[in-house]
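Please walk me through this structure step by step, beginning with the place where the chains meet and then turning to some details within each chain.

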Number of protein chains: 2
Amino acid sequence: MRFGTIGTGNITRQWIAASALGNLELAAVYSRYQEKGEKFASEYGDVRVYTDLEAFLSDTQIEAVYIASPNHLHFDQARRALLHGKHVIVEKPFVPTLNECKTLMALALEKGCMLFEAVPNVFQPALRTIQENLPKLGKLCLVTCHLTQYSSRYDAFLKGEVPNVFNPRMAGGALMDLGVYEIHFMCALFGKPEKIQYHPNLAANGIDVSGILNLSYPSFQASLVVGKDCHSENFCLIEGDEGYLKVDGSVSLLPEIILNGKTILTSPLVNPLNEEAKAIGQCLEEKRVDWMKHWWEATWMVTEVLEEARRSGNLPF
Amino acid sequence: MRFGTIGTGNITRQWIAASALGNLELAAVYSRYQEKGEKFASEYGDVRVYTDLEAFLSDTQIEAVYIASPNHLHFDQARRALLHGKHVIVEKPFVPTLNECKTLMALALEKGCMLFEAVPNVFQPALRTIQENLPKLGKLCLVTCHLTQYSSRYDAFLKGEVPNVFNPRMAGGALMDLGVYEIHFMCALFGKPEKIQYHPNLAANGIDVSGILNLSYPSFQASLVVGKDCHSENFCLIEGDEGYLKVDGSVSLLPEIILNGKTILTSPLVNPLNEEAKAIGQCLEEKRVDWMKHWWEATWMVTEVLEEARRSGNLPF
């Protein structure tokens with residue numbers, strides 16, 4: 001299946017590299033700027049370049065659109081692509097509000113199009129390993145998840161620039177950018193939390209550069225730490241009264257799984273989008289609406305948690 | 001200086017072992033049960049045994065009293081000891097409420113007696129190492145503190161017994177027993193937090209067997225995890241925008257301090273009460289009321305935080 005991309009960042013490059021595993025073929029690139037679009041497209045050979053979104057979406061050669069623009073544009077671009085009858089793959093975080101999420105899903109059904117959130121960690125085999133081992137932990141007590149990554153854009157931000165990811169009007173911030181991985185991880189394993197409270201560290205412009213998200217489940221507590229203004233060691237500890245499981249490394253990658261101090265799985269360092277591209281490609285090829293709807297449940301839940309978390313922390317919308 | 005002890009647990013043995021470093025000499029032991037008291041005293045040679053608290057406190061040979069009874073007894077026993085003109089050392093946590101804390105401090109001043117909270121980590125040289133290195137971290141962003149320790153009494157508790165430490169009427173629980181170390185650590189480094197929210201995991205009898213305490217400081221967030229129903233790895237990560245510092249191991253012991261991945265201090269594995277006994281002993285010997293009042297500030301602050309945390313988590317008092 002041939003697809004076009006919106007967004008010319010590194011994540012788009014990663015997606016294109018992974019997409020072959022899903023029998024997906026890059027056919028066109030959209031960028032607001034001709035030069036930027038051409039430079040990006042030139043990395044991939046014979047690929048059309050558009051600077052007009054309607055023209056791009058009207059290209060009948062393209063069956064699917066991958067969207068990796070700033071977060072606040074996801075909704076409208078996805079909506080327009082669906083209206084053009086395209087299948088749509090939206091980079092995480094899907095859309096900033098549950099209302100937008102519902103609207104897109106309803107439109108996709110109406111148009112008979114497929115719609116996906118591209119979030120790599122839930123497609124990793126390591127997640128299944130964790131799920132299978134949870135019963136060995138006994139009654140769950142605590143989850144401590146830590147994901148801090150000093151942003152390559154943070155120095156510029158400190159100097160007064162406002163990169164997209166630190167722009168409150170673009171639905172940026174640490175929670176939306178990194179917290180989404182932790183929340184997907186938690187929802188995949190434990191479902192929706194009962195109580196949600198985000199304690200952000202806010203910059204002068206109102207964006208959360210870091211913060212701590214508390215999730216209360218009926219029988220255990222979780223603390224999710226995120227930061228784009230600092231970094232140390234990333235991990236997740238899941239503790240029960242009969243044992244503990246550790247993700248050593250970021251929950252966005254799940255590189256190593258440790259049960260009671262003993263490594264039970266290490267994942268090779270490859271393109272983290274491979275598994276996701278494989279699954280989405282197969283889903284598109286086989287028109288597995290049932291798979292898509294199953295993944296929607298996760299996206300729906302995570303969008304709800306993100307929205308509640310942002311409201312609880314008084315973040316701007 | 002000669003002292004007597006209240007409480008016959010292991011912490012009392014540790015204190016007695018450490019006390020020589022403070023020129024303190026065990027002279028008497030109080031226990032509610034003659035046999036238990038005699039058995040305990042026999043480990044230490046020529047030591048008087050009392051089962052009557054008034055008689056114990058009336059012993060003119062004893063100048064100081066060390067109290068390591070269940071938490072809810074600390075206040076009344078300390079008060080009575082002060083009324084008998086004894087210096088008093090109270091095991092952590094000092095007393096369950098700020099009101100009791102104020103009452104004891106006022107009484108100590110009135111009686112011209114010295115009064116201490118025995119909490120070992122704030123006397124560790126490692127704490128000063130951390131303080132001195134904080135400026136290297138730049139602007140502080142996040143603190144993630146993790147202290148879980150499967151209680152030796154937890155299996156009995158699960159079987160229906162109610163050991164003191166899991167008894168809500170004795171001011172037990174994970175926060176009072178383990179959280180107090182984390183809170184002392186945080187208050188020593190950063191002062192009193194602006195906002196406090198405890199998310200406990202409650203057992204059927206209302207005691208917190210584990211939980212997560214959120215502390216919000218004006219410019220950064222902290223998450224303190226405690227558990228007596230589970231265990232994994234203990235540590236504290238302090239992250240700033242220019243670097244991070246890690247306590248590898250429990251903040252009750254501060255065994256290893258790591259700055260940006262490099263070990264800068266390891267502390268020998270000795271009796272963790274040694275430094276505290278040395279400091280308290282010297283303070284008593286030299287009648288350093290100024291030192292004592294300085295330590296009171298920490299105890300006062302920590303008692304306030306513990307009380308607010310327990311109220312925020314709807315724990316019983």
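Across the interface of chain A and chain B in this predicted model, 16 residue pairs are in polar contact, with both residues of each pair at pLDDT 80 or more. On the side of chain A that touches chain B, the elements that give two or more residues are β7 (140-148), α7 (154-158), β8 (195-202), β9 (208-216), β10 (221-227), β11 (235-240) and β12 (243-248) of chain A. The residues on that side of chain A divide into 16 nonpolar, 16 polar and six charged.

The contact can also be described by its residues and by its area. Chain A contributes 38 residues to the contact, and chain B contributes 38 residues. The size of an interface is often given as the accessible area lost when the parts come together. Here chain A and chain B bury about 2,800 Å² between them, and 56% of this area lies on carbon and sulfur atoms. Within the area that chain A buries against chain B, A:Leu142, A:His199 and A:Gln221 supply 17%, which is more than any other three residues.

Charged side chains also meet across the two chains, for the count between chain A and chain B is four salt bridges. One of them joins A:Lys139 to B:Asp229, with the closest N and O atoms 3.9 Å apart.

B:Asn201 has its place in strand β8 (residues 195-202) of chain B, and it counts as buried because its relative accessibility is 6%, where the cut-off for buried is under 20%. The side chain of B:Asn201 reaches the backbone oxygen of A:Cys141 at 2.7 Å. If neighbours within four places in sequence are left aside, B:Asn201 is in contact with A:Cys141, A:Leu142, A:Ser219, A:Phe220 and A:Gln221 of chain A, and with B:Ile207, B:Asp208, B:Val209, B:Ser210 and B:Gly211 of chain B.

β8(B) pairs in the antiparallel sense with strand β9 (residues 208-216) of chain B, over eight bridges, and one example is B:Pro200, whose bridge partner in β9(B) is B:Gly211. The two strands β8(B) and β9(B) form a hairpin with five residues between them, and in the turn B:Gly206 has a positive phi of about 95°.

Elsewhere in chain B, helix α4 (residues 74-83) has as its buried residues B:His74, B:Phe75, B:Gln77, B:Ala78, B:Ala81 and B:Leu82. These buried residues of α4(B) pack against β1 (2-6), α3 (53-58), β4 (64-67), β5 (87-91), α5 (98-111) and β6 (115-118) of chain B. After α4(B) comes B:Gly85, whose phi is positive, near 80°.

Another helix of chain B, α10 (residues 289-312), contains B:Trp295. At 22% relative accessibility, B:Trp295 counts as partly exposed. Not counting residues up to four places away in sequence, B:Trp295 touches B:Phe116, B:Phe123, B:Ala279, B:Ile280 and B:Cys283. The C-alpha atoms of B:Trp295 and B:Glu117 are separated by 8.1 Å, although these residues are 178 residues apart along the chain.

In chain A, the side chains of A:Lys192 and A:Glu304 meet in a salt bridge at 3.4 Å, N to O. A:Lys192 lies in the loop between α8 (174-190) and β8 of chain A while A:Glu304 lies in helix α10 (residues 289-312) of chain A, so this pair ties together parts that are 112 residues apart in sequence. A:Lys192 also forms a salt bridge with A:Glu308, the closest N and O atoms being 3.0 Å apart. Because A:Glu308 lies in helix α10 of chain A and A:Lys192 in the loop between α8 and β8, this pair ties together parts that are 116 residues apart in sequence. A:Lys192 is partly exposed, with a relative accessible area of 31%, and A:Glu308 is partly exposed at 34%.

A further salt bridge in chain A is formed by the side chains of A:Asp290 and A:Arg288 (2.8 Å, N to O). A:Asp290 is partly exposed at 45% relative accessible area, and A:Arg288 counts as partly exposed at 28%. Finally, A:Glu54, A:Asp76, A:Arg79 and A:Arg80 are linked in a network of salt bridges.

Terms used
Residues numbered from 1 in each chain as written. Chains lettered and ligands numbered in written order. Predicted model: local features only at pLDDT ≥ 70, side-chain atom pairs only at ≥ 80, totals over all residues. Heavy atoms only, no water. Contact = heavy atoms within 4.5 Å. Buried area = accessible area lost by both parts, 1.4 Å probe. Polar contact = N/O pair within 3.5 Å; in protein donor to acceptor, adjacent residues only side chain to side chain. Helix = DSSP H or I, 4+ residues; strand = E, 2+ residues; numbered from the N terminus. Nonpolar A, V, L, I, M, F, W, Y, C, P; charged D, E, K, R; others polar. Buried < 20%, exposed > 50% of the residue type's maximum accessible area, 1.4 Å probe, protein only. Pairing = 2+ DSSP bridges.
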